[in-house]
Amino acid sequence: MFNHPIVQLYFYFSISMILVFSSSIFSLWPFALLLIIISVYNKSAIEKVINKFLPTLFFLPIMLIIYIIISLIFSQISFIEAIESAILALLKLCLIMLFMNFYLQTASSEKLITSIRSLWVKTGLKWKWVEDFFLFLSLSLRLYPTFQSYWINNVNSLKAIGVRSDKSYYAKLIQISKELPSMLVYQLNRSSDIALSMKLRGYGTHYPRSIIHPINFSFFNLLQIALISLFSSYLIDIL
């Protein structure tokens, strides 16, 4: 829907923040309509979004019950009001999760960091801690995909040598808890190798670092943010 990473982040963040402050079930209909529009626009991501959302449905009824019990104990509202409040909170949480899943499926963390860095380079400021912070973000966002890839390769290796693994949720949880320490040690050693490689390539000798493929922030992108702000203000008024 939005090509620039900063504009895309601002859009989803604005919608999520407005959704948090919705005060009634009826006020959720603009967000449901917007979610349908986003789904139509990103048809290829629908299956992945649903697959990521479905596992959370197991915990939602538990959260609903806990919310009702706490509301009845620590507030003066009636049982019906507690149920309505719990359903509203549950629906808002579901919508926020779906919006964020669409963002995670359609956005690129690398492009987001590159776009923010491109904007920073234009300021001409040579602050070392800012460059170190960008590097920290970039390496942190790479950690989970690398961690996930390592885990998948480990599972496939066990299958290749004929080792069967229990597919139940608790069995996977126990297996992960056993494998987690060695995987963390591997990632720690790998981070040391990356740090040494970066130092040998001259990291820290020049600030700000150059960007091979910058993502520039144009006046059109600024106009998009202004339109999103106007749209958000309109939603706040009608809620």
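## Reading burial, helices, pockets and a core

Trainee: Why does Asn-42 count as buried?

Mentor: Buried means under 20% relative accessible area, exposed means over 50%, and partly exposed is in between, with a 1.4 Å probe and protein chains only. Asn-42 has 12% relative accessibility, so it counts as buried. Keep the source in mind: this is a predicted model, where local features need pLDDT of at least 70, side-chain atom pairs count only at pLDDT 80 or more, and totals for chains, interfaces and linings use all residues. Residues are numbered from 1 along each chain as its sequence is written, and side-chain values use heavy atoms, with hydrogens and water left out.

Trainee: Where is the place of Asn-42?

Mentor: Start from the element names. Helices (H or I, at least four residues) and strands (E, at least two) are DSSP runs, numbered from the N terminus. Asn-42 sits in the loop between α2 (29-41) and α3 (46-53).

Trainee: Which residues is Asn-42 in contact with, leaving aside its neighbours within four places in sequence?

Mentor: Contact means heavy atoms within 4.5 Å. With those neighbours set aside, Asn-42 is in contact with Tyr-12, Phe-102 and Thr-106.

Trainee: Now α5. What should its residues span?

Mentor: The expected span of a helix is 1.5 Å times one less than its number of residues. Helix α5 (residues 79-106) has 28 residues, so it should span 40 Å. Its end C-alpha atoms are 41 Å apart, which agrees. Apply that to α2: its 13 residues reach 18 Å from first C-alpha to last, close to the 18 Å expected.

Trainee: Which residues of α5 are buried, and what covers them?

Mentor: Among the buried residues of α5 are Ala-82, Lys-92, Leu-95, Phe-99, Asn-101 and Phe-102. Their cover includes α1 (5-20), α2, α3, α4 (60-74) and α6 (109-121). In α2, the buried residues are Pro-30, Phe-31, Leu-34, Leu-35, Ile-38 and Ser-39. The cover there includes α1, α3, α5 and α9.

Trainee: Take Leu-95. Which residues is it in contact with, leaving aside its neighbours within four places in sequence?

Mentor: Leu-95 is found in helix α5. Its relative accessible area is 10%, so it is buried. Those sequence neighbours aside, Leu-95 is in contact with Leu-19, Leu-28, Phe-31 and Leu-35. Compare sequence with space, too: Leu-95 and Ala-32 are 63 residues apart in sequence, but their C-alpha atoms are 7.5 Å apart.

Trainee: Which residues touch the most other members of the largest nonpolar core?

Mentor: A nonpolar core is a set of buried Ala, Val, Leu, Ile, Met, Phe, Trp, Tyr and Cys residues joined through side-chain atoms within 4.5 Å. The largest one holds 29 residues, and Phe-11, Phe-31 and Phe-99 touch the most other members. Two or more residues of this core come from each of α1, α2, α3, α5 and α9 (219-238). The largest share, eight residues, comes from α5.

Trainee: What about Gln-224: where is its place?

Mentor: Gln-224 is in helix α9. It counts as buried because its relative accessibility is 14%. Beyond its neighbours within four places in sequence, Gln-224 is in contact with Phe-2 and Val-7.

Trainee: On to pockets. How much space lies in the largest pocket?

Mentor: Rolling a probe the size of a water molecule over the atoms shows where empty space is left. On a 1 Å grid over the protein atoms alone, a pocket is an open set of points where a 1.4 Å probe fits, with protein on both sides within 12 Å along at least five of seven lines; lining residues have an atom within 4 Å of a point. Grid points are joined across faces, edges and corners, and a volume is the space filled by probe spheres set on the points. Here, the largest pocket holds about 680 Å³.

Trainee: Which residues lie nearest its centre?

Mentor: Of the 21 residues lining the largest pocket, Arg-117, Leu-135, Met-198, Arg-209 and Ser-210 lie nearest the centre. At least two lining residues come from each of α6, α7 (128-160) and α8 (169-200). α7 gives the most, with five.

Trainee: What volume has the second largest pocket?

Mentor: About 490 Å³. It is lined by 14 residues, and the closest to its centre are Leu-104, Ala-107, Ser-109, Leu-141 and Pro-145. α5, α6 and α7 give two or more residues to this lining. Again α7 gives the most to the second largest pocket, with five residues. Its lining has seven nonpolar, six polar and one charged.

Terms used:
Nonpolar A, V, L, I, M, F, W, Y, C, P; charged D, E, K, R; others polar.
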